[in-house]
Amino acid sequence: MPGTHRTPVSSLPRPGIRAQDFTDPFTRRLLLNEGSTTELLERRGRCRLGLRVVEQTLAPLHLRDGRLLDMLGVTPQTPCLVRRTELVSPEGTAVSRNLVIGRLPRSDEVTQVVTHRSVALGRSVNLRGIPQRRTLLSAGLTTWQGAGRTVPAVSRGYLLHLDDEAPLYVAETFDPAVAPPWRRGTGTAPVSAVRAVPAVTTALGRAS
């Protein structure tokens, strides 16, 4: 995974939208989920999801502030895993777009899990029985690009702790058709009616 470029990452957001503020029960459940996102999405869609690796490299992280670096236990000079993936339906449609960043694990087994090119991270962790826990950092709205338009989408960011390794930061953005972004007490337009919206700050500057 060679790489010498610096991956741009924005500052962590201010506290975002609470999961309870979304009207769709599945959206709320997804945002608060502490287990495998892959398995939860598969139960929702009643199909097995595939994995598409968009980018996987080692590179220093370029941050606007140091909070996330501190959380990950790295310095601006530390080569970090930068992994962008999509969970896709049997037809090849993206259901979620995901970003994983952090120090490459010391354990060969955990490294294989977090860099696997055909098995999703959550599924691989469960199959190998690796101890895990998640610390939710943010939930809110970002944007989803597809079919020639940009629409609002639900996103969340969390720290993933695997065994005794340094934590990884995971950002997940969900297809609005799967996780509707409707919120209570707002005039948010239906996703189908929105042509373009400005991006809302999420934990990482680039949509995952």
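Me: Which residues in α4 meet which residues in α5?

Reply: In this predicted model, the α4 side of the contact is made by E109, Q112, V113 and V114, and these meet L121, S124, V125 and R128 in α5. Sorted by class, the contact of α4 with α5 comprises 4 nonpolar, 2 polar and 2 charged residues.

Me: How do the axes of helix α4 and α5 cross?

Reply: As a general idea, a pair of packed helices is described by the distance between the axes together with the angle between them. Here the axis of helix α4, which spans residues 108–115, and that of α5 come within 8 Å and cross at roughly 150°.

Me: What volume does the largest cavity have, and which residues lie nearest its centre?

Reply: The structure holds 2 cavities of 30 Å³ or more, and the largest has a volume of about 180 Å³. Its lining consists of 17 residues, with T38, N98, L121, G122 and E172 lying nearest the centre. Two or more lining residues come from each of α2 (37–45), β4 (80–88), β5 (94–102), α5 (121–128), β7 (149–162) and β8 (168–174), and β4 provides the largest share, 3 residues. By class, the lining divides into 8 nonpolar, 6 polar and 3 charged residues.

Me: How many helices and strands are there in the protein chain, and in what pattern do they follow along the sequence?

Reply: The protein chain has 5 helices and 8 strands, arranged along the sequence as β-α-α-β-β-α-β-β-α-α-β-β-β. Among contacts with a separation of 6 or more, 66% are between residues 24 or more positions apart, and of the 208 residues in the chain, 51% count as buried.

Key
Residues numbered from 1 in each chain as written. Predicted model: local features only at pLDDT ≥ 70, side-chain atom pairs only at ≥ 80, totals over all residues. Heavy atoms only, no water. 1 Å grid on protein atoms, 1.4 Å probe; cavity = no way out; pocket = protein on both sides within 12 Å on 5 of 7 lines; lining within 4 Å. Points joined across faces, edges and corners; volume = space filled by probe spheres on them. Helix = DSSP H or I, 4+ residues; strand = E, 2+ residues; numbered from the N terminus. Nonpolar A, V, L, I, M, F, W, Y, C, P; charged D, E, K, R; others polar. Axes fitted to C-alpha atoms, helices over the stretch in contact; angles between N-to-C directions. Contact = heavy atoms within 4.5 Å. Buried < 20%, exposed > 50% of the residue type's maximum accessible area, 1.4 Å probe, protein only.
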